[in-house]
Amino acid sequence: GGMGGGPRRPARTEDQMLEIELSLETAYKGGVHQARYARKKLCPAGQRASACTACNGAGYVMKAQQVGPGMFTQAQVPCGACGATGFVVPNGQRCSDCTCNGTYVKRHVETIEIPVEPGQVMGEEGAVPGMADEAVGATSGDLIIKFKQRPGGRVKRYGADLHVHQKVDLKDALGGFTLQLPHPSGNTLSAKFGPGEFNAPTMTRVLKSQGMPGPGQTYGDYLLDVEVVFPSLSADKAKEAATVLGAGEDAPTLGEAVGAVKEVKRVTTITADQKRERIERNEQQARRRRERREQQGQQGQQNMQCAQQ
């Protein structure tokens, strides 16, 4: 004879991780992102299965075996009543054409719609309850959604700020010009540079409140790195050099406009060290925001209301 084995299988399946790669445009605007992922779901027989009473759902039993005269030991052997699965299906209720091969679960591809907040923070996690693998006798774990930034693209993101690098010709740098810049909103930012404003090979312009959306209707900034090679000149010398180099009377407009053109007037100029400090500060703020969100949710995760198709 034998008796039931050890404890039953876990009452909850493991959580599943699903990384969602977002474009900068989607992260800026927010909306709904549709994603597909695979998980195990109970087959019809698995939905009718119950724990095996012979092994207490363990899949094995302990059996006494004689090892010598008057000497016995307990050995772990597969349960014959359930075929070592830990569960049984009532007679006459098994699947007639099931391809689960006795595991009671089959691979299934799910399609879900995931809400994305405007200004979505990368690295942030959210939980969709009960959407991990299914198993007989267990509740399903959560599907953990983690957002990551899709690489590539001209506009880069650092926390709440956006960054763009732009090269200009020397004559344009000396004579003044207007830059038309891409923006994840789908519109175009317009930034003007006057004659003689450049006094270094590179310059960073800060377009105030033109970055990513944040909490409380706040916005980060748009940092424009302009690179040019030219000697250090006064404003008068810069105008003379621009004339020599063939700059016209009218300042040119560079770049291609997409959507509505919005002229930005609130601008400042910062140094490379100040830019580096901004990047570090934004990364710290994003990390603190993720930590606060994790503290608010159970086990560091927020439940997400996703539409299942």
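1. Thr13 is in contact (heavy atoms within 4.5 Å) with Ala132, Asp133, Glu134, Ala135, Ala138, Thr139, Ser140 and Gly141, leaving out residues up to four places away in sequence. The model is predicted: local features need pLDDT of at least 70 and side-chain atom pairs pLDDT 80 or more, while totals for chains, interfaces and linings use all residues. Residues are numbered from 1 along each chain as its sequence is written, and side-chain values use heavy atoms, without hydrogens and water.

2. Thr13 sits in the loop between strand S1 (2-4) and strand S2 (16-22); strands (E, at least two residues) and helices (H or I, at least four) are DSSP runs numbered from the N terminus.

3. Polar atoms of the Thr13 side chain lie 2.7 Å from the backbone oxygen of Asp133 and 2.8 Å from the backbone nitrogen of Gly141.

4. An open sheet of 4 strands runs in the order S17-S13-S14-S18, with mixed pairing; two strands pair if DSSP finds at least two bridges between them. Strand S17 (253-254) and strand S18 (261-263) are the edges, each pairing on one side only.

5. Strand S13 (residues 177-182) and strand S14 (residues 188-193) run antiparallel and are joined by 6 bridges. Phe177 has Phe193 in S14 as its bridge partner.

6. Helix H5 (residues 272-296) has 25 residues and spans 37 Å from first to last C-alpha, close to the expected 36 Å, which is 1.5 Å times one less than the number of residues. Its buried residues are Lys275, Arg278, Ile279, Asn282, Ala286, Arg289 and Arg293.

How values were computed. Polar contact = N/O pair within 3.5 Å; in protein donor to acceptor, adjacent residues only side chain to side chain. Buried < 20%, exposed > 50% of the residue type's maximum accessible area, 1.4 Å probe, protein only.
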